[in-house]
Amino acid sequence: GETGLEAARAELRRLFGFDDFRGVQPQVLARVLAGQSTLAVMPTGAGKSLTYQLPATMLPGTCVVVSPLIALMHDQLRAARANGIEAATLTSVDSDWRETIDRFRAGALDLLYVAPERASQPGFRDLLGSAPLALFAVDEAHCVSEWGHDFRPDYRQLRGLMDAFPQVPRLALTATADAHTRADILDQLGIPRDGLVLAGFDRPNIRYAMRHRDNPVRQIAALMAEEPGPGIVYAPTRRKVEDLAGKLALATGRPVRPYHAGLESGVRADNQAAFVASEDMVIVATVAFGMGIDKPDVRFVAHAGIPKSIEGYYQETGRAGRDGDPARAVMFWGAGDFATARQRLAEIDEARRAGERARLDALAGLVETAGCRRAVLLRHFGEDPPPACGNCDNCLAPPRVTDATETARKLLSA
Ligand code: ADP
Ligand code: MG
């Protein structure tokens, strides 16, 4: 209730130095502090971590955090420790297991980060039984759903683990889940139907636009000429990343660097750090870039090909304009992109195919629409937006109907 929230606000100031909560943080915290299991769907950057980190310091016992990526866990660990929170990770790359286990057993840990693979290990269940638990926090909870965009079979084992501790509340967190995926997460993690807290997804300062791709170097260089601030260009393959980065640097004279999983990790870290510090750099990247990066002043995100899904589109464009100042998201697409993506659907296993197809079709719908892009995007995430936002290409310059029909024809024939 209110008293729990007041205490949480005091803790927010003391530990993090923030003045107040943002968005739905108070709703989520009130539920968690009252011991109610919850699914919080909040956009990237909305501040999901605080909703388990604060209860972890306030409630007796340890909060067990399940997170899918070791790199992300270590980022979180550093940040938590910097804020004076007692935190540790138990992952395959940690060498301080003995110490972590001792601290956990002594009740000295606020947060214990683990990968989902731990859940199916009997020894881990025994360990959790050896000290009081405050909360189970399941980050990137869409991974539990085959309907979600990043299914991870190990997430299915979490239910069994958490059921062994029925008195411990559960908090599932995700940035991207449509209605179908949300219902699935609630079922799979044993969270009651009324435990859903859904944040607003609108990013009003981002101007959305979609253009047919003819000459991506010329088109993106033109965008860069209009936007002198930092930008991210997403390209579909490593080879295209390298190619575009080189050509854009030549064409514009701006600092441009590549980022993809094939680069040596030192180079990757270097390019990322340079981008975060820069006021005019453009990074050309595969989807490997962006998770866990907290750069508020990204002025544009361009796509030189289509993302995997409408969720991917929202997440990638959402890296623009975190500071609230005007920012742009411009996608340069080709009909062949959709044809290739549809072919790829045939290769994935059948259980996931329906979900992937629906997400790709939703993206095609967003490209095809002659109406407001934002309205289509927000409706996909379960919101009921006004019919026109005034800040997307279609609202600013309504397309002639013949153009829209032509676009649709190209997509459907693909
Ligand atoms: P998410 O996991 O939802 O993408 P994070 O938890 O990583 O977001 O938080 C994103 C950023 O917002 C972090 O830098 C965090 O410190 C900051 N933040 C979170 N809550 C608040 C708040 N109430 N006031 C100010 N900054 C906040
Ligand atoms: Mg997060």
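## A tour from paired helices to the ligand shell

Start with helix α14 (residues 350–368) and helix α15 (residues 373–380), which pack at an angle of about 160° with axes 9 Å apart. Axes here are lines fitted to C-alpha atoms, for helices over the stretch in contact, and angles run from 0 to 180 degrees between N-to-C directions. Helices (H or I, at least four residues) and strands (E, at least two) are DSSP runs, numbered from the N terminus. The two helices are therefore roughly antiparallel to each other. α14 passes α15 in a right-handed crossing.

Before moving on, note the source. This is a predicted model, in which local features need pLDDT of at least 70 and side-chain atom pairs count only at pLDDT 80 or more, while totals for chains, interfaces and linings use all residues. Residues are numbered from 1 along each chain as its sequence is written, and chains are lettered from A and ligands numbered from 1 in the order in which they are written.

Colour by pLDDT (the predictor's confidence in each residue, from 0 to 100). The protein chain has a mean pLDDT of 92, and 96% of its residues reach 70 or more. Model scores are ipTM 0.98 and pTM 0.75. Where pLDDT is low, predicted coordinates should not be read in detail.

**Next: α9 and α10.** Select residues 216–226 for α9 and 238–252 for α10. Their axes come within 10 Å and cross at roughly 55°. α9 and α10 are therefore oblique to each other. Here too the crossing is right-handed, as α9 passes α10.

Step to Pro-230, in the loop between α9 and β9 (231–234). Pro-230 is buried, because 22 other C-beta atoms lie within 10 Å. The cut-offs are 20 or more other C-beta atoms within 10 Å for buried, 12 or fewer for exposed, and partly exposed in between, with C-beta atoms placed from the backbone. Draw a distance to Leu-109: the C-alpha atoms are 39 Å apart, across 121 residues of chain.

**Next: α3.** Select residues 50–58. Eight of these nine residues are buried, so the helix is largely enclosed by the rest of the structure. The buried ones are Leu-50, Thr-51, Tyr-52, Gln-53, Leu-54, Pro-55, Ala-56 and Thr-57. Centre on Thr-51, which counts as buried because it has 27 C-beta neighbours inside 10 Å.

**Next: α2.** Select residues 25–33; Gln-25, Val-28, Leu-29, Arg-31, Val-32 and Leu-33 are buried. After α2 comes Gly-35, with a positive phi near 80°.

**Next: two single residues.** Glu-140 sits in the loop between β5 (133–138) and α7 (158–163). Its phi is positive, about 50°, although Glu-140 is not a glycine. Glu-140 has 23 C-beta neighbours inside 10 Å, so it counts as buried. Arg-81, in helix α4 (residues 70–82), has 13 such neighbours and so counts as partly exposed.

**Last stop: ligand 1.** Of the 13 residues around ligand 1, Phe-18, Arg-22, Gly-47, Lys-48 and Ser-49 come nearest. A residue is near if its C-beta atom, placed from the backbone, lies within 6 Å. The shell has five nonpolar, five polar and three charged residues. Nonpolar covers Ala, Val, Leu, Ile, Met, Phe, Trp, Tyr, Cys and Pro; charged covers Asp, Glu, Lys and Arg; the others, Gly among them, are polar.

Methods
Parallel < 35°, antiparallel > 145°, perpendicular 65-115°, else oblique. Left-handed = near helix turned anticlockwise from the far one by under 90°.
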